[in-house]
Amino acid sequence: MDLFDKFKIWVLLVCLISQLGHGFYLPGSYPHKHGIGDALSVKVNSLTSIETEIPYSYYSMPFCKPQEGVKDSAENLGELLMGDRIENSPYRFKMHTNETDIFLCKTSPLSADEFKTLKKRIDEMYQVNLILDNLPAIRYTQKETYLLRWTGYPLGAKVQDAYYVFNHLKFTVLVHKYEETNVARVMGTGDAAEMIPTVGSPVSDIPGYMVVGFEVIPCSVRHNAESVKNLKMYGKYPNEITCDPGAVGMAVEDGDSVAFTYEVSFVESDIKWPSRWDAYLKMEGAKVHWFSILNSLMVITFLAGIVFVILLRTVRRDLTRYEELDKEAQAQMNEELSGWKLVVADVFRAPTNASLLCVMVGDGVQILGMAVVTILFAALGFMSPASRGTLVTGMLFSYTILGIAAGYVAVRLWRTIGCGEKTGWASVSWKAACFFPGIAFLILTTLNFLLWGSHSTGAIPFSLFVILILLWFCISVPLTMVGGYFGAKAPHIEYPVRTNQIPREIPAQKYPSWLLVLGAGTLPFGTLFIELFFIMSSIWMGRVYYVFGFLFIVLILLVVVCAEVSLVLTYMHLCVEDWKWWWKSFFASGSVAIYIFLYSVNYLVFDLKSLSGPVSATLYLGYSLFMVLAIMLATGTVGFLSSFWFVHYLFSSVKLD
């Protein structure tokens, strides 16, 4: 096969992939064709609240259960870790068939404990989450001139010390006529999709529809006890039910029974399948946020560029002036002048706790690589909100695989600091494999006990704990050891200058050097604090985060700014003859984690005012601590590696005897 034939094959593959991309919606599931009258199954997810951040099972409340019994839907690792528990529900629709006044069930009389729990969940503003064809139920409310969008609907309401339950649901299903393509026809109901080639086969004349929207209006209706006495599930309620979302009628007391009903209407919509998630991704005032973020990025880039240019000019002037002198003048200059040139025999002296530094840098490379890979794939559309749980699953998978990079970097840096010493590389690899995962495991296990005690679906099941431990010790640890092996085989980085046996005394400083190091984190924090608001809102306020393309740009800018800030701080320390730059270069950029944690506390106090209970606050602070630890390792690694390259380049450019 010649080169031209290979080229034609590659062109054909690219065209095929492009055609597939146009034929289907890449991020989510494939379109499902439903004929008129086909059954549509509604599923339920965990009950959630922004006031507690503790999810609970749908059937922990006195709701109607399906006739075939409660069954779990297929869940991936990410869904389980995020606390999603998707189960079947008793709600049944028929495609393009409007139905009204459908009786569902009448619950048993509420016990004292059930009534107490129900009141507590209503006070904590828990939302009921329903799913149809992978679309969460969305609710619209009018507030002045704004149309607010909510996913799910409230469990109930409290009016003048009385508790009301929303026991009648008015569903609206938006459908779009199915459009055949020349690539494939996708049929089926439920989660699975069957792909049948249509090339050469006749197109069916039977009309089919796709679900492109799912809306719900909850109502509280007082049903006649005698009317529902002999009704069976899915029977016709004898009287017309009027759904008024602005009024409440079903007050509950201890010992009461609750009757549930629903109605559904189908509306043909111009919304096409690839655009059906747009309603969930719209944000009010988005332009203001975009302009604000863009302005911050431009300012930070401009300031960082100025600092970088000044640094280059200063270093180049010092080098030029130093190298233009003869050896005698250089020796005299060394005696008379102070600065980075005087620490030439100490600048590569091994730092204290060198092994810990190597481990932290290795773990930082692993975390940073995971962030880059995950955000890049999410920006390309492979981890959209339509694919529930794939984002967390992708993060876990990429982190596990990148253990090989952590071991390689940690061992090679350890060998460089030890001037090529090979013994002990296995110990460094083992520490790199266990340092960050061990801390994360400790934090998450502690928080998991709190969730277990609250009987929350957010608690990680024991079986999942076993799976995570197996992933850690059977995949991540061996890959880290393999990376360490290659790091031990790779040549270490040679220092350009020799190190004296007796360390040089560091002159007294006018101000503590660590104060400058901690303050350096403000500049990297300025590049991401607006984007951080969107991320925090997505995690804690139930909003959908989707601007991964912009987040990838912010990540790149953050890496550049961290490198420049650490580099500048390292140069400033060397100029005052402070040769202990190793740890300071790490924390110069890693100190951004302190400001992110302070921002998290500020977000808890001012934006999550309704967060109630010590358990909820502990969960919030615990997850925030876990997040800032990962950010510190990633940003600190960027700062250290850039400073190491700068110091190595600086002293290899000077001709010193």
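This is a predicted model: local features need pLDDT of at least 70, side-chain atom pairs count only at pLDDT 80 or more; totals for chains, interfaces and linings use all residues.

Analyst: The link of Cys219 and Cys243 is right-handed, with 65° about the S-S bond. These two cysteines form a disulfide, with their sulfur atoms 1.7 Å apart.

Residues are numbered from 1 along each chain as its sequence is written, and side-chain values use heavy atoms, with hydrogens and water left out.

Some terms come next. A disulfide here is a pair of cysteine sulfur atoms within 2.5 Å. Buried is under 20% relative accessible area, exposed is over 50%, and partly exposed is in between (1.4 Å probe, protein chains only). Helices (H or I, at least four residues) and strands (E, at least two) are DSSP runs, numbered from the N terminus.

A search of the whole structure finds two disulfides. The other one joins Cys64 and Cys105, with sulfur atoms 1.8 Å apart. This link is left-handed, with -90° about the S-S bond. It connects distant parts of the chain: Cys64 sits in the loop between strand E2 (39–44) and helix H2 (77–81), Cys105 sits in strand E4 (residues 99–106), and the two are 41 residues apart. Cys64 is buried, at a relative accessible area of 2%. Cys105 is buried as well, at 14%. Counting bonded cysteines along the chain, the pattern is 1-2, 3-4.

Cys358 has 0% relative accessibility and counts as buried. Cys474 has 52% and counts as exposed.

Six of the eight residues of E4 are buried, so the strand is largely enclosed by the rest of the structure. E4 pairs with E17 in the antiparallel sense over five bridges; two strands pair if DSSP finds at least two bridges between them. Cys105 takes part in this pairing: its bridge partner in E17 is Phe260.

Asp101 is buried, at a relative accessible area of 8%. Asn353 also has a positive phi near 55°. Its setting is the loop between helix H6 (327–336) and helix H7 (354–379). At 55% relative accessibility, Asn353 counts as exposed.

E2 marks one end of the loop that holds Cys64. That strand belongs to an open sheet of four strands, ordered E3-E2-E6-E7, with antiparallel pairing. Its edges are strand E3 (87–94) and strand E7 (135–136), each pairing on one side only. E2 and E3 pair over five bridges. Val44 has Glu87 as its bridge partner in E3.

Next, the chain as a whole. Its secondary structure comes to 17 helices and 17 strands. Of its 657 residues, 48% count as buried. Contact means heavy atoms within 4.5 Å. Among contacts between residues at least 6 apart in sequence, 82% join residues at least 24 apart.

Helix H14 (residues 548–575) has 28 residues, which at 1.5 Å a residue should span 40 Å; its end C-alpha atoms are 40 Å apart, which agrees. The expected span is 1.5 Å times one less than the number of residues. In H14, 20 of the 28 residues are buried, so the helix is largely enclosed by the rest of the structure. Glu577 follows H14 and has a positive phi, near 65°.

Last, confidence. pLDDT is the predictor's confidence in each residue, from 0 to 100. The chain averages a pLDDT of 81, and 82% of the residues score at least 70. Over residues 1–28 the pLDDT is below 50; this stretch has 22 contacts in the model beyond near neighbours in sequence. Residues 182–203 also stay under 50, and for them the model has 45 contacts beyond four places in sequence.
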